[in-house]
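Load the model in your viewer and keep the selection tool at hand. We will go from one stop to the next, picking out a few residues each time.

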Amino acid sequence: MKRIIALLLAMLMLGTLYTGALAAEMTDGVYVGQGKGFGGNIEVTVTIEGGKITAVEPGAHQETAGISDGAFAQLPQAIIDAQSAEVDGVSGCTFSSDGIKAAVQDALNQAMGIEAEEEEAMPIIEDPEVAYKESRVTQLLGIKKILDKY
């Protein structure tokens, strides 16, 4: 029993050290990140001081006023408190919440020297009618496989 408790305490201490190491990797400065909300891009300015998130300030966006207000009011402080972009979103404004969190994560990645991943381009469809027919065939074959099981 004592060994289990000692092991759990050791794991807890390592987790704390690991979390501290991540925060220490952030370079102090002001970073502007972008994420996609419901209405388009959301810009957020994140300030890092002493390896910690000290400010999160929403910037330019095209989100719907009144609907997205809860996310812009609540998430910045939640992110500062958690020292992470991984916080719960605000009910009723999921897309805006996700966009803000993505923008903050983009800024944090910049602070840690992590390059942004390029978005995968949408494939160019040469003949939309052929693409539609191929997708319908794929759907029907999937349904057929399900029905064949019964």
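Start by selecting strand S1 (29–36) and strand S2 (residues 41–49), which run antiparallel and are joined by 8 bridges. Strands here are DSSP runs of E, at least two residues long, and helices are runs of H or I of at least four residues, both numbered from the N terminus. Two strands count as paired if DSSP finds at least two bridges between them. What you have open is a predicted model, where local features need pLDDT of at least 70 and side-chain atom pairs count only at pLDDT 80 or more, while totals for chains, interfaces and linings use all residues. Residues are numbered from 1 along each chain as its sequence is written, and side-chain values use heavy atoms, with hydrogens and water left out.

Val32 has Thr45 as its bridge partner in S2, Gln34 has Glu43, and Gly35 has Ile42.

S2 and S3 pair in the antiparallel sense over 6 bridges. Thr47 stands opposite Ala55 in S3, and Glu49 has Lys52 as its bridge partner. These two strands also form a hairpin, with 2 residues between them; there, Gly50 has a positive phi of about 65°.

Zoom out to see the open sheet of 3 strands, in the order S1-S2-S3 with antiparallel pairing. Neighbouring strands are turned by 25° against each other on average, direction ignored.

Which helices pack on this sheet? Helix H2 (residues 69–82) does, touching S2 and S3, and its direction makes about 170° with that of S3. Helix H3 (residues 94–111) packs there too, touching S1, S2 and S3, at about 140° to the direction of S1. Contact means heavy atoms within 4.5 Å; axes are lines fitted to C-alpha atoms, for helices over the stretch in contact, and angles run from 0 to 180 degrees between N-to-C directions.

Keep H2 and H3 selected. They pack at an angle of about 40°, with their axes 10 Å apart. To see the contact, show Ala71, Phe72, Leu75 and Ile79 of H2 with Ser96, Ser97, Ile100, Lys101 and Val104 of H3.

Then pick Phe38 and Phe95, which form a tilted aromatic pair, 5.5 Å centre to centre with 50° between the planes. Rings of Phe, Tyr and Trp (its six-membered ring) pair if their centres lie within 6.5 Å; planes under 30 degrees apart count as stacked, over 60 as edge-to-face and the rest as tilted. The pair links distant parts of the chain, 57 residues apart: Phe38 is in the loop between S1 and S2, and Phe95 is in helix H3.

Last, colour by pLDDT, the predictor's confidence in each residue, from 0 to 100. The protein chain averages 82, and 68% of the residues score at least 70. Over residues 17–24 the pLDDT is below 50, and this stretch has 2 contacts in the model beyond near neighbours in sequence. Where pLDDT is low, the predicted coordinates should not be read in detail.
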